[in-house]
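Student: Could we go through this structure together, a piece at a time? I have it open and will ask as I go.

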Amino acid sequence: MSSVLGVSVGAGAIRLARPAPGNSAERFAPDHFELQTLPVDDQRVEEVAADGLGAALSPEVAATAIAFRSEQHARALRAALARRQLTNYELVPEVVAALQFLESAGELSGFRTIALYDLGSSGLSVSVVDVASRQILYSERTSDISGDYLDSLIREQQIASGRIAHPPDPEGLAALDALCRQAKEQLSVNTAVALPSEHGLVLISQENFEALIMLAVESSARMARDVIMRSEQAVQAVVAIGGCAQIPLVTRVLGRWLGMPVVVPAHPETVVARGAALLARPARPVAAPQPGPSHTEDTEQLQPAWLSDDSAPRTRREAKVGRGLELARGRRREMSVAGVAVGALVVVAAVGLGLGWAPQVLQGNSQSSKTSPTTTETSTPHTTVAEPTATPAPTDTTMESVAAPPPRYQPTTEPPPPPPGPNTIVVPGLPPIVVPPIPPLPPLFPGPPQ
């Protein structure tokens, strides 16, 4: 007969819960669980959890659910389980696991929104939760208030009373802390405890214990009240879980500070582990991969729809594909040529502006208009105008025509131009421009014939 396993990973202990035979969702009994507690001591929590899970797994365990507190906590658990090659498990949030058990046990009947007060050995978590959707509406956590802190209060009180000598080494201090933790747990049901140790007798009454921890418990109730107020939700009840929820003072202080019902389930320290066991589901078997289609026979099935025209022969389809590819290449070629042409025009325009052709040409035209008022046409420089050629100079060079358009750019490998003559215009950055002379014009008012 197969079973499931739930695991809660606390800072002080690892708890494993397995439903007893016959304890199912249809016939659920909250106290019919096989429970096991593994102390952490000075070891890493994740390593202890992985070792305990590996030892607890058996062929009868069909599914395992492990509760985690945060994403960092989950990553550490996955790493520890991967090192031991454990894979048949699932991770569930602690709040969801707790709600699963509380709902199955009938502790949440009539409540729509609750505040989950979880006081464990490493800290206090207060979460406002919607019962129906199991959504965490608001949550805060602190390590200032914890079960370890309450243990330290008992330890210091016992040392201050003179009945316990201060341990000389860390091992003795850890043993004394474990003894104080045991005394705290026994004070939940007893009025006084007396536990002997090699350093003396741990003796404390429930009255002294409550006076010792009153400020810490009230501080935790104040935090719960603040979380509820910041959540802006209509919380109807507080559910206290965790090892410290067994302390009767916690229930009284929470009820007085919050003014609402306080629910404490039986064995609150194992609520998360039992809820995780209820959430464990057997892993679905992975189906074997189906053999893929043959490369030679099913090539037509793997082709796109536009290539799979069964009515046409294969050669015709190949011809269509080839024509489509040629058309695509032609369009890309035309686009690339157009892009190159546009880029060339932009570069030429930028070079012309950088070299200052426009001011020089305009300056030459204005000078020519002064010497030859009858000349009205002007030439606009173009990059495609042929280079001007020199013509023989006539006897009269008093009049000059408009400057010829500037020549094209000459490579730097050509020999240097000849020295400028009287009819040569020198523009910085351009080759010399030879202006051909024009013959003299007849006089406007001819004199008497000779």
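Student: Is Leu179 buried or exposed?

Tutor: Leu179 is buried, because its relative accessible area is 13%, and buried here means under 20%, with exposed over 50% and partly exposed in between, using a 1.4 Å probe and protein chains only. This is a predicted model, in which local features need pLDDT of at least 70 and side-chain atom pairs count only at pLDDT 80 or more, while totals for chains, interfaces and linings use all residues. Residues are numbered from 1 along each chain as its sequence is written, and side-chain values use heavy atoms, with hydrogens and water left out.

Student: Where is Leu179 found, and what is it in contact with?

Tutor: Leu179 sits in helix H5 (residues 170–186), where helices are DSSP runs of H or I with at least four residues, strands are runs of E with at least two, and both are numbered from the N terminus. Setting aside neighbours within four places in sequence, Leu179 is in contact with Leu195, Pro196, Ser197 and Val202, contact meaning heavy atoms within 4.5 Å. The C-alpha atoms of Leu179 and Leu195 are 7.4 Å apart, although 16 residues separate the two along the chain.

Student: Switching topic, how many aromatic pairs are there?

Tutor: The count comes to 1 aromatic pair, under a rule that pairs rings of Phe, Tyr and Trp (its six-membered ring) if their centres lie within 6.5 Å, and calls planes under 30 degrees apart stacked, over 60 edge-to-face and the rest tilted. Phe33 and Phe101 form that pair, which is edge-to-face, at 6.5 Å centre to centre and with 65° between the planes.

Student: Which parts does the pair tie together?

Tutor: Phe33 lies in strand S3 (residues 33–39) and Phe101 in helix H3 (residues 94–104), so the pair links parts that are 68 residues apart in sequence. Both Phe33 and Phe101 are buried.

Student: And the largest nonpolar core, which residues touch the most other members?

Tutor: Of its 42 residues, Tyr117, Ile213, Ile247 and Leu254 touch the most other members; a nonpolar core is a set of buried Ala, Val, Leu, Ile, Met, Phe, Trp, Tyr and Cys residues joined through side-chain atoms within 4.5 Å. Helix H6 (residues 206–231) supplies the largest share of this core, 9 residues. Apart from this core lies another, of 30 residues, including Val92 and Leu116.

Student: Last one: how much of the chain counts as buried?

Tutor: Of the 450 residues of the chain, 36% count as buried, and the chain has 11 helices and 14 strands.
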